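Have the sequence and the 3D view at hand as you read.

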Amino acid sequence: MTNTEHAMLERMAAKYIWWKTPAEALAMPARVIAQVMDIGDHSDMHELAETVGDDVLRDVLAHAEAGQFRARSWHYWHYRLDLVKLGEVPEMPTRRFE
């Protein structure tokens, strides 16, 4: 992670993962990224995408855990990252009990 990415994620962690310290939240940077992707405002989502790049966002989406995304943001990011054609968004992750 570059210094620029670290600084941006630290700011985002303080804003979007308010129940942890930024240092605690940054132990799982993908969680910070997913949280911004899910509930971030437009300017924060734009800054996130510009800073970490679409490949990182695709990876976070591909490895999302159940409950990390709401349906609206799940669909938005699949279309925004050009991962699917219209109407082909995959099911959201679900929790499995075995």
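An axis here is a line fitted to C-alpha atoms, for helices over the stretch in contact, and angles run from 0 to 180 degrees between N-to-C directions. Helices (H or I, at least four residues) are DSSP runs, numbered from the N terminus. This is a predicted model, where local features need pLDDT of at least 70, side-chain atom pairs count only at pLDDT 80 or more, and totals for chains, interfaces and linings use all residues. Residues are numbered from 1 along each chain as its sequence is written, and side-chain values use heavy atoms, with hydrogens and water left out.

**How the helices pack**

Two packed helices are described by the angle between their axes and the distance between the axes.

| Helix pair | Angle | Axis distance |
|---|---|---|
| α1 (residues 3–16) and α3 | about 60 degrees | 10 Å |
| α3 and α4 (residues 42–52) | about 140 degrees | 8 Å |
| α5 and α6 (residues 71–80) | about 140 degrees | 11 Å |

Angles under 35 degrees count as roughly parallel, over 145 as roughly antiparallel, 65 to 115 as roughly perpendicular and the rest as oblique. The angle between α3 and α4 therefore makes them oblique to each other.

A crossing is left-handed if the near helix is turned anticlockwise from the far one by less than a right angle, and right-handed if clockwise. α1 and α3 cross in the left-handed sense; α3 passes α4 in a left-handed crossing too, and so does α5 with α6.

**Who touches whom**

Contact means heavy atoms within 4.5 Å. To sort residues, Ala, Val, Leu, Ile, Met, Phe, Trp, Tyr, Cys and Pro count as nonpolar, Asp, Glu, Lys and Arg as charged, and the others, Gly among them, as polar.

From α1, the residues L9, M12, A13 and Y16 meet P29, V32, I33, Q35, V36 and I39 of α3. This contact has 9 nonpolar residues, 1 polar and no charged.

On α3, I33, V36 and M37 meet D44, M45 and L48 of α4. Here the classes are 5 nonpolar, no polar and 1 charged.

In α5, D54, L57 and L61 meet W74, W77, H78 and R80 of α6. That contact holds 4 nonpolar, 1 polar and 2 charged residues.

**The largest pocket**

Which residues line the largest pocket? They are M28, A30, R31, A34, D59, V60, H63, A64, E65 and Q68. Two elements, α3 (29–39) and α5 (54–62), each give two or more residues to this lining, and α3 gives the most, with 3 residues. By class, the lining has 5 nonpolar, 2 polar and 3 charged residues.

A pocket, on a 1 Å grid over the protein atoms alone, is an open set of points where a 1.4 Å probe fits, with protein on both sides within 12 Å along at least five of seven lines; lining residues have an atom within 4 Å of a point.
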